[in-house]
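Subject: Structure handover and notes

Hello,

Here is the structure I promised to pass on. Please open it next to this email while you read.

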Amino acid sequence: MTDELEILPADPITVLVIDDDMVILKIVDKILTSGLSREAEVLCTHSGYSGLDMVQTRHVDLILLDVNMPEIDGLEVLDRLRELPQLEHIPVIMMSADMVSDLEADAFRRGATDFIHKPFAPEVITQRIERHLRLAYLQRNLHEEVLRQTELAEKRLAVNLKLLKSNERLFNETVLALTKTVDAKDPYTRGHSVRVADYAQYIAKFSGCSADEQRQIYYMGLLHDIGKIGIPGSVINKNTRLTDEEYEMIKQHPTIGAHILSFIKEVPELSLGAHYHHERYDGRGYPDGLKGEEIPRQARIIAVADAYDAMTSQRSYRECLPQDEVRKRIEQGSGTQFDPYYAKVMLRVIDHDKDYQLRASTFENSSEQVF
């Protein structure tokens, strides 16, 4: 017995032989009971109808089926076998003394596993039977193994989702801690990053972005000003006009922010908002002077949200602007400072906000989101 055959089950093999020739039945019975590599139970019948009844009441591992039989021939028996779901995978080896060229091809089209021409040598029939039993056994076990591996994968996924949720909480806490570090440098813009994140998420939502995209843009908004950590507090907190040198220093915060966030390898896109939120649609922004759709879409959304919060918050040099003035400035900046599409979406958000809830003074005191 070869190593390949050792993968067969230890239980006796049951072979059903259907042939109207009693001599053939006796020959095959003798060959199989003595010639197979393991114990075999051989069931013999001379009728196709009887064979169909037997396979529905007895366990059968393989069928040897003669083609030419009275009442119902082997090809019709094969058709009926393949119509039964519980029998469609049982190997069926057809047997025939006819040498008609199309007969073998027809049998295979109908679902035969193999075809043996009579008269046959004992080794041929035993080797064919063992080969197909082995393949059928492998097929059954492959299906079971796939189910087992699927179940393991589902269990691993459940564990990973649990870890992901835990890690996401840790990620949220880390991001918020970084955001508060930026806010702590400038009392006049405290809460700015959180509001920009929320406004950017509103724009993404009104733009039809998926929940995952909205979440991604929200985190980008939270961290868009992270680069200000690297700017001296004396410059950040200055309440008079900046010198050219100080303004150039401020303009470094997108590059600094992108550098800081580049260390988060698991979320490489996180740096896009920090890096490009001061680019302008007309190409006159900084740090890279990108134009139009060269600017990452997320950054174009955050740019509108950032400008909106700047106008709707109290600053050291002015009060919060009235809503109609904010709307006017967003409209004026469409196509120059802002992507026209996202400017239009922001205008829809403003029009939806009838009571002017989306501004620093009311937004921070509200326990519910506006949208």
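Below are my notes, from the whole chain down to single residues.

Some ground rules. This is a predicted model, where local features need pLDDT of at least 70, side-chain atom pairs count only at pLDDT 80 or more, and totals for chains, interfaces and linings use all residues. Residues are numbered from 1 along each chain as its sequence is written, and side-chain values use heavy atoms, with hydrogens and water left out.

**Overall**

The protein chain has 15 helices and five strands. These are DSSP runs, numbered from the N terminus: helices are H or I with at least four residues, strands are E with at least two. Of the 371 residues, 43% count as buried. Buried means under 20% relative accessible area, exposed means over 50%, and partly exposed lies in between (1.4 Å probe, protein chains only). Take the contacts in the chain with a separation of 6 or more: residues 24 or more positions apart account for 64% of them. A contact means heavy atoms within 4.5 Å.

**The sheet**

The five strands form an open sheet in the order β2-β1-β3-β4-β5, with parallel pairing. Each of the edge strands, β2 (40–45) and β5, has a single partner strand, so one side of each is left without a neighbour in the sheet. Neighbouring strands are turned by 20° against each other on average, direction ignored. Two strands pair if DSSP finds at least two bridges between them.

- β1 (residues 13–18) and β2 pair in parallel over six bridges. Isoleucine 18 stands opposite threonine 45 in β2.
- β3 (residues 62–66) and β4 are parallel, with four bridges. Isoleucine 63 has valine 92 in β4 as its bridge partner.
- β4 and β5 (residues 114–117) run parallel and are joined by four bridges. Methionine 94 has phenylalanine 115 in β5 as its bridge partner.

Look at β4 (residues 92–96). Five of its five residues are buried, so the strand is largely enclosed by the rest of the structure. In a regular strand the side chains alternate between the two faces of the sheet. Both faces of β4 are covered, with Val92, Met94 and Ser96 buried on one side and Ile93 and Met95 buried on the other.

**Helices around the sheet**

One is made of β3, α3 (residues 74–83) and β4. Another is made of β4, α4 (residues 101–109) and β5. Right-handed means that, with the strands pointing away from the viewer, the path from the first strand over the helix to the second runs clockwise.

Helix α4 lies across β4 and β5, at about 150° to β5. Helix α2 (residues 48–57) lies across β1, β2 and β3, at about 160° to β1. Axes are lines fitted to C-alpha atoms, for helices over the stretch in contact, and angles run from 0 to 180 degrees between N-to-C directions.

**Aspartate 225**

Where is aspartate 225? It sits in the loop between α7 (211–222) and α8 (233–236). Aspartate 225 is buried, at 4% relative accessible area. Leaving out residues up to four places away in sequence, aspartate 225 touches Val182, His192, Ser193, His253 and His277. Its side chain makes a polar contact of 3.3 Å with that of histidine 253. A polar contact is a pair of N or O atoms within 3.5 Å; within protein, one must be able to donate a hydrogen and the other to accept it, and residues adjacent in sequence count only if both atoms are side-chain atoms.

**Backbone points to check**

- The peptide bond from lysine 118 to proline 119 is cis, with omega near -10°. Proline 119 is in the loop between β5 and α5 (122–185).
- Tyrosine 286 and proline 287 are also joined by a cis bond, with omega about 10°. Proline 287 is in the loop between α11 (271–276) and α12 (297–311).
- Glutamate 71 has a positive phi, near 65°. Glutamate 71 is in the loop between β3 and α3, and is exposed at 67%.
- Tyrosine 356 has a positive phi of about 55°. Tyrosine 356 is buried, at 9% relative accessibility.

**Cysteines**

The whole structure has zero disulfides, counted as pairs of cysteine sulfur atoms within 2.5 Å. Cysteine 209 is buried at 10%. Cysteine 320 is partly exposed at 25%.

Best wishes
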